[in-house]
Amino acid sequence: MKEKKKSADLALFGGGPAFEDKVHVGRPNIGDREKLLDTIGDVIDRCWLTNHGPNVREFENRIAEMTGVDHCIAMNNGTQALEIAIRTAGLSGEVIVPSFTFIATAHALQWQHITPLFCDIDPGTHNIEPDKVEQMITPQTTGIIGVHLWGRPCAVEALEEIAERHELKLIFDAAHAFGCSHGGRMIGNFGRAEIFSFHATKFFNTFEGGAVVTNDAGLAGEIRLARNFGFAGYDNVIRLGINAKMNEVSAAMGLVGLESVDEFIGTNHQNYLHYQQELKEIPWLSLVTYDESEKCNYQYIVIEIDSPQSHIGRDLLIDILHAENVLARRYFYPGCHRMEPYRSSYSGPALPATEKLSESVISLPNGSSVDRNDISLICNIIRFAIENGPEVTEVHESADRS
Ligand code: T4K
């Protein structure tokens, strides 16, 4: 059992780091190792490594079954899944997206010469604000991309209603939301299509990987073609396409991981409850919570620091955590509109909620690589730093951190 550190022992005060080995946000969950190696062995024995092999086909069926959607098209990553969904759904001109998201949401548009119009978020849900979406629509607007940030569904019905009234196409970036539900229906079933990311840092991964899921058979057909250079059969190319295929080893990782997916979620949930318990008495800090009546993957542990109140700023707290070998992250700082190529020419509306939030959130480690003791220790560091703000700030300022 790890000792809970006292202030004098902390790295910041000249002691060693609280954790000997680094604890990371985004540490991958890996299913049954032996089974994985066997399944990869089968891939090698079959000498069928990619191009719609049996693992990919089975993986697609399993994802479709789990999410209750008609069609799942597996891809080599979530960004390409989003790009292909955007292109095949016919988005062009301008598309409204939140700025408070991973940069891939915006880049998937800009990469295809579609202008992302950055919209502010609801500070309570961290998701795109439907009223603000409506104010941003121009004659060039063809669509909306909602992001279910942290796995918490965005205002699906309100966005559907706006999209319908203005004849816009609605897609959801569900990169964080595999295994989550909204109103009892699994994420994957909303809008024209939704995309998942199965990147290594997601609670369920295929090394790199992603998928588009949709209940629209025509769109699914177009997506399958686009994923494979537009081939409709040998020597028969019938549309523009790219190579976005998932390979057999990634699908093997996915199939083995799916057998442990309930366990991964159970661990995340227990960790989340433990964080909730440990953080509840700490002033000027709030934990992003999940709706326990819905299905949820609980993969993101996110805290908001009320910096003006707390003596200690978010960035100083990050520095302290890093000094103690806790590799917490400032997701999604500073907001897409303050990153290139968007920042230099930004002429959109002020995004006060996005900017405030991007300067106050911290994502903490979760998943099977942290246990209860680790969580208690991480929370002790946070508690100590926040409760002793001025003292910590002094030490921090005088410390040689080179
Ligand atoms: N839309 C949204 C809303 C997204 O969040 C994302 C991806 C996408 C679309 C696009 O999906 P993909 O095309 O990526 O499938 C990470 C991930 O690369 C990215 O997938 C994810 N969102 C984003 C939120 O996080 P970084 O820049 O934080 O990655 P990196 O390399 O700094 O890794 C984070 C931490 O994870 C590190 O502290 C170490 C740990 N790690 C990472 C890897 C890759 C490991 O322990 N093992 C590993 O193998 O972007």
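Phe100 is buried, and so is Phe332; here buried means under 20% relative accessible area, exposed over 50%, and partly exposed in between, with a 1.4 Å probe and protein chains only. The exercises below start from this pair. The model is predicted, so local features need pLDDT of at least 70 and side-chain atom pairs count only at pLDDT 80 or more, while totals for chains, interfaces and linings use all residues. Residues are numbered from 1 along each chain as its sequence is written, and side-chain values use heavy atoms, leaving out hydrogens and water.

**Exercise 1. Ring pairs**

Work out why the pair Phe100 and Phe332 is classed as it is.

Step 1: Take the rule. Rings of Phe, Tyr and Trp (its six-membered ring) pair if their centres lie within 6.5 Å; planes under 30 degrees apart are stacked, over 60 edge-to-face, and the rest tilted. The count by this rule is 20 aromatic pairs.

Step 2: Apply it. The ring centres of Phe100 and Phe332 are 6.1 Å apart and the planes stand at 80 degrees, so the pair is edge-to-face.

Step 3: Phe100 sits in the loop between β3 (94–98) and α4 (103–110), and Phe332 in the loop between β13 (326–327) and α11 (352–358), so that the pair links distant parts of the chain, 232 residues apart. Helices (H or I, at least four residues) and strands (E, at least two) are DSSP runs, numbered from the N terminus.

Step 4: Phe196 and Phe198 are tilted, with 6.1 Å centre to centre and 35 degrees between the planes. Phe196 has a relative accessible area of 0% and is buried; Phe198 is buried too, at 0%.

**Exercise 2. The nonpolar core**

Find which residues of the largest nonpolar core touch the most other members.

Step 1: Define the set. A nonpolar core consists of buried Ala, Val, Leu, Ile, Met, Phe, Trp, Tyr and Cys residues joined through side-chain atoms within 4.5 Å.

Step 2: Read off the answer. Among the 93 residues of the largest core, Phe59, Ile63, Trp150, Leu364 and Ile382 touch the most other members. Helix α12 (residues 372–387) gives this core its largest share, 9 residues.

Step 3: Look around Ile63. Leaving aside residues up to four places away in sequence, Ile63 touches Cys72, Phe178, Phe196, Phe198, Phe204, Val213 and Leu258, where contact means heavy atoms within 4.5 Å.

**Exercise 3. Salt bridges**

Compare where the partners lie in the salt bridges Glu248 to Arg46 and Glu60 to Arg224.

Step 1: State the criterion. A salt bridge is a side-chain nitrogen of Lys or Arg within 4 Å of a carboxyl oxygen of Asp or Glu; the count comes to 14.

Step 2: Take Glu248 and Arg46. Their closest N and O atoms are 3.7 Å apart. Glu248 in helix α8 and Arg46 in helix α1 (residues 33–46) lie 202 residues apart. Glu248 is buried at 0% relative accessible area, whereas Arg46 is partly exposed at 39%.

Step 3: Take Glu60 and Arg224. Here the closest N and O atoms are 3.3 Å apart. The bridge links helix α2 (residues 54–67) with helix α7, across 164 residues. Glu60 counts as buried at 7%, and Arg224 as partly exposed at 32%.

Step 4: Glu60 and Arg224 belong to a salt-bridge network with Arg227.
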